[in-house]
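Dear colleague,

Please find the structure below, handed over for your records. My notes on its aromatic rings follow.

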Amino acid sequence: MLVLHGVYRSRASRPLWLLAELDLPFQHVPVIQGYRLPDPAAADSPLNTTSPAFLALSPAGQIPVMEDAGLVLTESLAICRHIARKAGGPLAPANVTEEALTDQWMLFAAVTLEPHTIAILYAAKDHGDAAGPVIDAACAALARPLARLEGHLAANDWLVGDRFTVADLMLAECLRYGQGHAPLMETIPATARWLARCQARPAFKAMWSARMAEPE
């Protein structure tokens, strides 16, 4: 059985959402980030990213981590692509063209969008009174890539193949980091409508409910 390590309040939300979409059986090991604990090395601390048992599996000490029949993967993008490919069905690419487009949009999400959307998410926490310039810089960096995305979603309901796929899931999760900044979302109305459709899916709601039930 597939084993997924990581809490919902992490990038493990991506494969956890996908597994809910696919209704696949799996074992969930809720490994928490060590930096969230007062003393991650304390005897009574829960299994975390600094625990020797976890580091033996993933020396980088990052979540999520997936185990599947001897295969260990440690990047959420790779984990989601593997799960979708193995499961098949409408969330997976249907042919080589869709494979290429799926890779394109998932890499676009993780490499082009996420560094800036996550800067928006953490701006107030990390920068205090200087959050405004940080957010402005992130929005400026996102302007061209989001214009590209907006053009695609103004003409298409979904990213690949006229249906919701793993590419939509990955991109929706990366864009979610910047979703709370209303001025950004107002510039991309077609993308905002697409994101609302993604987040209206029952599997997303189930993942989000589980995420909200975890301690902050």
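The count comes to 5 aromatic pairs, where rings of Phe, Tyr and Trp (its six-membered ring) pair if their centres lie within 6.5 Å; planes under 30 degrees apart count as stacked, over 60 as edge-to-face and the rest as tilted. One of these pairs is tilted, because the rings of Trp17 and Phe164 have their centres 6.0 Å apart and their planes at 35 degrees. This pair links distant parts of the chain, 147 residues apart: Trp17 belongs to helix 1 (residues 13-22), and Phe164 to the loop between helix 5 (131-155) and helix 6 (166-176). Helices here are DSSP runs (H or I, at least four residues), numbered from the N terminus.

The model is predicted, with local features requiring pLDDT of at least 70 and side-chain atom pairs pLDDT 80 or more, while totals for chains, interfaces and linings use all residues. Residues are numbered from 1 along each chain as its sequence is written, and side-chain values use heavy atoms, leaving out hydrogens and water.

Trp17 is buried, at a relative accessible area of 0%, and Phe164 is buried at 5%; buried means under 20% relative accessible area (1.4 Å probe, protein chains only). Phe164 also pairs with Trp158: the ring centres are 5.7 Å apart and the planes at 85 degrees, so this pair is edge-to-face. Trp158 is likewise buried, at 14% relative accessibility.

Ring pairs join Trp17, Trp158, Phe164, Phe204 and Trp208 into a cluster.

Finally, the charged end of Arg197 sits over the ring of Trp158, 5.0 Å from its centre (the rule asks for NZ of Lys or CZ of Arg within 6 Å of the ring centre and within 35 degrees of the ring normal). Arg148 lies over the face of Trp105, 4.9 Å from the ring centre.

Yours sincerely

Notes: Helix = DSSP H or I, 4+ residues; strand = E, 2+ residues; numbered from the N terminus. Buried < 20%, exposed > 50% of the residue type's maximum accessible area, 1.4 Å probe, protein only.
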